[in-house]
Amino acid sequence: MEANTASELTNYYYEIAGLQLELRFPSALNLDHILPSFVGFRAEHSSGTSVAVVTFREDEVPSEEEWGTLRSDISLVWGDNFRFYEQEDAFVTLIKHKVKDKQWMMKSTKDFKESRIYGKAEDPRMGEFVSWLLMVVFGQVGLQHRLILIHASVIAYQQKQGVAFLGKSGTGKSTHSRLWLKHIPDTELLNDDNPVVRLEEDGKAMIYGTPWSGKTPCYKNKCVELKGFVRLEQAPLNRFTWKKGTESLVAVLPSCTALRWNKDLFNAMTDTLSQLVEQVNVGYLECLPDADAAKASHNAFFEEKVETGS
Amino acid sequence: MMKLRQDLVLRKVGDDYIMVDPSQGMVDLSKVHTLNETAAWLWEQLADKDVSVKQVAELLCDRYDVSYEKAVEDAEALVQEFEKAGLLEA
């Protein structure tokens with residue numbers, strides 16, 4: 001037996017949206033402290049196969065020449081503090097920093113089933129960065145299991161049905177959820193930034209809380225049936241319209257995460273999305289940040305149409 | 001010889017035929033192409049085949065009750081449309 005305790009790794013298991021994620025981190029680190037938003041998703045033991053394994057060893061970030069072809073440095077969903085590189089048999093995700101020592105890097109197999117994170121454990125922002133890198137992994141791996149990590153704020157209505165609000169950053173997704181909480185009874189915030197939608201074996205669409213929720217600490221390990229999506233747009237009035245076919249897909253597509261340079265992952269995403277938009281309702285809401293906006297989307301999904309003049 | 005792009009997958013969403021084209025640029029803005037029923041049918045017929053006006057016109061004549069002259073006209077428009085939309089292999 002080697003007595004090299006510094007390099008000993010402990011396995012941690014998490015179940016997110018029904019998929020098992022496995023982390024292998026140095027035993028000296030307390031992962032529950034580093035990743036507090038993951039605590040509610042932790043499982044004591046492995047139950048079956050891990051869809052992704054992520055290993056962290058404290059190590060120098062490999063030098064720039066080894067990163068590969070630059071693929072992207074901005075994402076509508078992920079912001080702009082990172083870079084994606086592609087190599088022959090790997091993807092490299094880099095979290096940029098002026099100081100080279102403070103950069104974080106992850107090298108993943110092309111299907112993201114195996115990844116290795118490089119960085120310094122003394123970095124006070126380690127938890128934030130590791131969490132973000134795990135979101136990248138989970139988003140891509142999930143696509144292979146009919147699951148899409150979306151950029152949305154989602155409410156659970158009457159504890160059983162979810163509605164996801166989509167829109168560009170600053171459109172007011174969170175605000176719209178807050179308006180529901182305030183003005184619509186029996187409403188709960190399920191996730192404020194990165195929920196997961198999943199097409200289950202029985203064909204049902206479900207929406208799950210995750211350990212990622214943007215700036216709002218809302219890390220709920222629960223799921224409800226997905227009733228639909230609403231794309232929000234700021235407007236001087238409140239007006240709700242339903243979208244069908246192509247238009248419904250176009251409304252949801254920009255809020256989905258898939259690396260475009262991997263044909264298999266991208267096609268898996270569009271496959272799932274095409275089926276999803278046929279299963280659930282998709283609406284478009286031009287809205288003000290007021291109570292009537294919340295009532296407009298609530299009525300569209302949950303109120304029975306009242307025939308006038310009958 | 002021109003061919004259809006192999007990387008695009010034709011899907012039916014509701015009543016529409018669509019293809020999602022991942023952008024190759026830095027920003028993740030994908031394009032969605034919509035095809036009508038005839039174009040979607042042609043897309044399937046033309047897989048692996050040479051996309052020429054003659055080929056398309058013949059397919060149209062086989063399926064629809066249309067004169068060859070009219071079919072050639074439509075085929076020219078379609079091939080141009082495919083090319084303009086970037087659906088042909090470079």
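Predicted model: local features only at pLDDT ≥ 70, side-chain atom pairs only at ≥ 80, totals over all residues.
Figure 1. Residues are numbered from 1 along each chain as its sequence is written, and chains are lettered from A and ligands numbered from 1 in the order in which they are written. Chain B holds three helices and three strands; helices (H or I, at least four residues) and strands (E, at least two) are DSSP runs, numbered from the N terminus. The C-alpha trace of chain B spans about 45 × 30 × 20 Å along its principal axes. Of the 90 residues in chain B, 22% are buried; a residue is buried if 20 or more other C-beta atoms lie within 10 Å of its own, exposed if 12 or fewer, and partly exposed in between, with C-beta atoms placed from the backbone. If you like to think in contacts (two residues whose C-beta atoms, placed from the backbone, lie within 7 Å), take those in chain B between residues at least 6 apart in sequence: 39% of them join residues at least 24 apart.

**Figure 2. The three strands of chain B form an open sheet in the order 1-2-3, with antiparallel pairing.** Two strands pair if DSSP finds at least two bridges between them. Strand 1 and strand 3 of chain B are the edge strands, each pairing on one side only. From one strand to the next, the twist averages 45°; axes are lines fitted to C-alpha atoms, for helices over the stretch in contact, and angles run from 0 to 180 degrees between N-to-C directions. Strand 2 and strand 3 of chain B run antiparallel and are joined by five bridges, and here you can find Ile18(B) opposite Thr34(B) of strand 3. Chain A visits this sheet too: its helix 5 (residues 263–279) packs on the sheet and touches strand 1 and strand 2 of chain B, with a direction about 25° from that of strand 1 of chain B.

**Figure 3. Chain B meets chain A through 17 residues of chain B and 19 residues of chain A.** On the chain B side, the elements that give two or more residues are strand 1 (11–13), strand 2 (16–21) and strand 3 (31–35). Strand 2 of chain B gives the most, with three residues. Sorted by class, this side of chain B has eight nonpolar, four polar and five charged residues; Ala, Val, Leu, Ile, Met, Phe, Trp, Tyr, Cys and Pro count as nonpolar, Asp, Glu, Lys and Arg as charged, and the others, Gly among them, as polar.

**Figure 4. Helix 2 (residues 53–63) and helix 3 (residues 68–84) of chain B pack with their axes 8 Å apart.** The angle between these two helices is about 125°, so helix 2 and helix 3 of chain B are oblique to each other (angles under 35 degrees count as roughly parallel, over 145 as roughly antiparallel, 65 to 115 as roughly perpendicular and the rest as oblique). Their crossing is right-handed; a crossing is left-handed if the near helix is turned anticlockwise from the far one by less than a right angle, and right-handed if clockwise. Look for Val53(B), Val56(B), Ala57(B), Leu60(B) and Cys61(B) of helix 2 meeting residues of helix 3 that include Tyr68(B), Ala71(B), Asp74(B) and Val79(B).

**Figure 5. Lys49(B) sits in the loop between helix 1 (37–46) and helix 2 of chain B.** Lys49(B) has 14 other C-beta atoms within 10 Å, so Lys49(B) is partly exposed. Between Lys49(B) and Thr34(B) there are 15 residues of sequence separation and 21 Å in space, C-alpha to C-alpha.

**Figure 6. Chain A has an open sheet of nine strands in the order 3-1-2-4-9-8-7-6-5, with mixed pairing.** Its edge strands, each pairing on one side only, are strand 3 (42–43) and strand 5 (69–72) of chain A. Strand 7 (residues 90–95) of chain A is largely enclosed by the rest of the structure, because five of its six residues are buried. Strand 7 forms a hairpin with strand 6 of chain A, with three residues between them. Five bridges link the antiparallel strand 6 (residues 82–86) and strand 7 of chain A, and Phe82(A) faces Ile95(A) of strand 7. Strand 7 and strand 8 of chain A pair in the antiparallel sense over six bridges, with Ala90(A) opposite Thr109(A) of strand 8.
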